[in-house]
Amino acid sequence: MIKPHVFRNYSGCILAAFLSCAFCGSAQAQTFSAPGKSASSVPSSSAGAPVDFPELGPGDFGATDGGAYAVSIPFATGAMSQLAQQSAMIVASPGADTSPDGTVISATRSSLTKNANAWTPVMGEFHYSRYPAREWRGELLKMKAGGVDIVATYVFWIHHEEIEGRFDWSGDRDLRRFVQTCAEAGMQVMVRLGPWCHGEARNGGLPDWLVASGCRLRSDDPRYMDKARILYAEIGAQLRGLLWKDGGPVIGAQLENEYRGPAEHLLALKKMAIDAGIVVPLYTRTGWPALTSPMPPGEIVPLYGVYAEGFWDRETTPMPGNYWTGFRFTTLRVDSNIASEALGRANVADDPDVAAYPYLTCEIGGGMMSSYHRRILVDPRDIESTTLVKLGSGSVQPGYYMYHGGVNPDSATGITLQENQSTRFTNWNDLPEKNYDFQAPLGAAGQVRPHYHLLRLQHLFMHDFGYLLPGMPTVLPAHRPDGKDDNRTLRWALRSNGRSGFIFVNNYQRLQPMPVHRGVQFALNLPPVESVSPLPSSAGLSRDSGITGATPDAGRRAAVAQAASKRMVPVTPVDIPADIAFIWPFNLDLGNGAILAYATAQLLCYADTPDEKERVYFFSEIPGIAPELAFSDLTVRGVSNASGRQRKGDGLVRITNLKTGHSPAISLRAHDGRAISIVILSRADSLNLYKLAWGDDDRVFLSKHPITIDSATETLRVHAPTPDPVDVLVYPKPDPNAKGAKKGSRFARGLLAFLTGIDMGEGIFAKITVPGAPNPALAKVAAPRAEKIRAVGPPREIPLGKAPKPVPAAPVAADFASAAAWRITVPAGVWKNDAWPVLRIHYTGDVARVLLGGKVILDDFYNGLPLDMPLARFAEELDAGAPLSIEILPLRKDAPILLPDSARPHFVARPAVADLNKLEILHTFTHTLTPAASDGTNEKSEE
């Protein structure tokens, strides 16, 4: 039998995703001023949950064209959908969901909501107590520029009450100041309260004195709860006046973490939080592991996660267990790989009431730490792929752990504050003493990594089009990969509301070669009924000489519906290259009824002109796939293309072989006359794309260097490795006379003074030349020097740790007597400059640690990456002449650890290696532009 998801023709393999539904309710016009984001324009299934269907035979629904077989997707009617959403509201404490300005945050079974409109924010983890307070604001602005809306942060008990009865909320531990800084940056906050957090902290964040007290931890033991109540009261005092209901940024609180006891304990913690004044719209928990008793409906929202690979597994082989499942689309929300050393790898299942909650995530691995026995090296595509797979599988909110790395704080009692095998209450892994970089999109020294840019592309999509996803359940093909090594089966999923949607494709898996899939098409079989026509009944078609009257007649509507219901995407098969992941839209309303039938390019975002007369959509080419866009010819007019070839037929206007660039590749008009342009960026340009609020409007930027915007001062900052002036492209160009411009448009007038090159081949973009950074001579500082002060000794014997599930143990302080050591000299005073100098240390060995004045300030388990030390953080010690040195323990050729192949050194005849390969100083110059200055001059300010 030919399988219903695939059939072959002379062009190659054709993948067929068939939709058939009984959805009722007319489509609504999408306007440029409010692009369809009202609750009524987001149809939903009764649960908004993924749908998984078995393979069907020839007699099930009857054969369709080409010999494939239809799959019926049961959508609820609009009335049933609305009723289901109302009945599944997540209820907060009275008044907790409403801010003073009347904005209401809540949740239905299909999404988070703001004022009853679907809200699909991005959340990223950043631990304040692992980062210098003076740098918080600049790093939060980087997170915001990366597309993060909500900052999640753990409150590690041991960081605040290491000594019983002595709470420390000062300096880098100042939770209140951190939350206030988030508010200043325009971001919401999710506070992860604990008491147990994990987060690779010592005892999972529980203080040693509590662990030694003899009470039953993480339970309703009154002795434990009495101590936890004090912690919650302290946190409540820190957050007083900063909650959503008070006009503050705190919208949610996570209770405990990875808890597998009775639901009643979490409910007791929720009551304790409310009693402490932590009254917020959302209370959450990790959706893994399973609770031992059912959670009452609507009390606590479960959040989920996925990691490409973990440091915690007991094996020293790559990709053990079921990590490969994170790269395939699935209806299962729970991931069996998280914390497998503690929770095991038993078959996991979602809670029976999973469909009553929106599919939210809090722990998509933004990177990964290395434990001593497992040295994980992240590929940026790991993070891009797993995030896209979660979205295609039904998620409506990406949330990352970690999004920003850090460094463990100093202890008040001299202990180390990281997770390790020797502590009494642990997850049994040895982690670096100080380093918690996590290879995150933003590193522990503020480094911007490639996956920061890869993820931003998905965040752009979520911000402008994510509101559609809650009304689009996931449909999976009948045949999916059956194992880790099955790379012959294309991994794809479809999300649709029955008339439009998105096709998700992932042809990437960590450490697994993937083939090119030849001749791929998706066959859409949508219901050709007028009630789900993509053509809005209110579309003004009077300008079309072939139509009389402003409202299309039933015949035209039926024709549009019929044309949109059965279609091959794309019309001509394409090859799917290896190691890419992407999203294709189909039947997307571009505004006022102009229907994009499909695109073989990645949809990113849109921007409106200040007068709202034109909308520009931005797409990115997908490497190896020629951009092609097709439109329903009954919904658009005057389609013109600057490149490629236009083809008409079967109700479509297709433009093939489009070229990338900064000018519109396609221009058209909706039938109400509204102008629409489409810009297709090269892959490289798309990774330089930002969409941020600046001045009066949202603007799209193209910058080769990371940018941030401080909305409090309208300051644009470009973070570049050289002090030379930098160019940034911006669209739309500020217009001081635009409708709705802020009074006087001082911002626009100020910015216009800096615009150049508008007619110099930059397409729709205006070019801003941001002046050079101060002190350009800093870029030419002398190289740091290293002097060997101790030869390497014999490699140590590597024992197993003292844990229930022991693995090879990390070295202790005494072991470093055998480490090779070098004294490092950096140019005098370089740490004082404002170009954020970072000492980058390239080395090969087992474990490296950096000492300043004899104190360990940074350490690392070697995985092939260099170790970065931000010099400005240690200016006081360096000014005082404290000696700087590095110690490197030898890496044994036969070390019983997992080490990436790319990092494995050439031992030749040596049994062990400990080398300091290279030292360099990297600068990041901050170029500043503040166009809102009253005199139009550039005001420079530092983060």
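How are helices α5 and α7 oriented to each other? α5 and α7 are oblique to each other, a class that takes in the angles left over once those under 35 degrees (roughly parallel), over 145 (roughly antiparallel) and 65 to 115 (roughly perpendicular) are set aside. The model is predicted, so that local features need pLDDT of at least 70 and side-chain atom pairs count only at pLDDT 80 or more, while totals for chains, interfaces and linings use all residues. Residues are numbered from 1 along each chain as its sequence is written, and side-chain values use heavy atoms, with hydrogens and water left out.

The protein has 15 helices and 49 strands, taken as DSSP runs (H or I, at least four residues, for helices; E, at least two, for strands) and numbered from the N terminus. Of its 943 residues, 63% are buried, that is, under 20% relative accessible area with a 1.4 Å probe and protein chains only, where exposed means over 50% and partly exposed lies in between.

| Pair | Angle | Axis distance |
|---|---|---|
| α5 (175–184) and α7 (222–239) | about 40° | 8 Å |
| α7 and α8 (263–275) | roughly 40° | within 10 Å |

α5 passes α7 in a right-handed crossing, the near helix being turned clockwise from the far one by less than a right angle. Leu175, Arg176 and Val179 of α5 make the contact (heavy atoms within 4.5 Å) with Ile235, Ala237, Gln238 and Leu239 of α7. These residues divide into five nonpolar, one polar and one charged, where Ala, Val, Leu, Ile, Met, Phe, Trp, Tyr, Cys and Pro count as nonpolar, Asp, Glu, Lys and Arg as charged, and the others, Gly among them, as polar.

The crossing of α7 and α8 is also right-handed. Here Tyr224, Met225, Ala228, Arg229 and Tyr232 in α7 meet His265, Ala268, Leu269, Met272 and Ala273 in α8, a contact with eight nonpolar, one polar and one charged residues.

Within α5, the residues Leu175, Phe178, Val179, Thr181 and Cys182 are buried. Seen down the axis of α5, they fall within an arc of 155°, so they line one face of the helix. Their cover includes α3 (136–145), β8 (150–154), β9 (188–192), α7 and β10 (250–254).

Histidine 198, in the loop between β9 and α6 (208–211), counts as buried at 7% relative accessibility.

Notes: Axes fitted to C-alpha atoms, helices over the stretch in contact; angles between N-to-C directions. Arc of directions from axis to C-beta.
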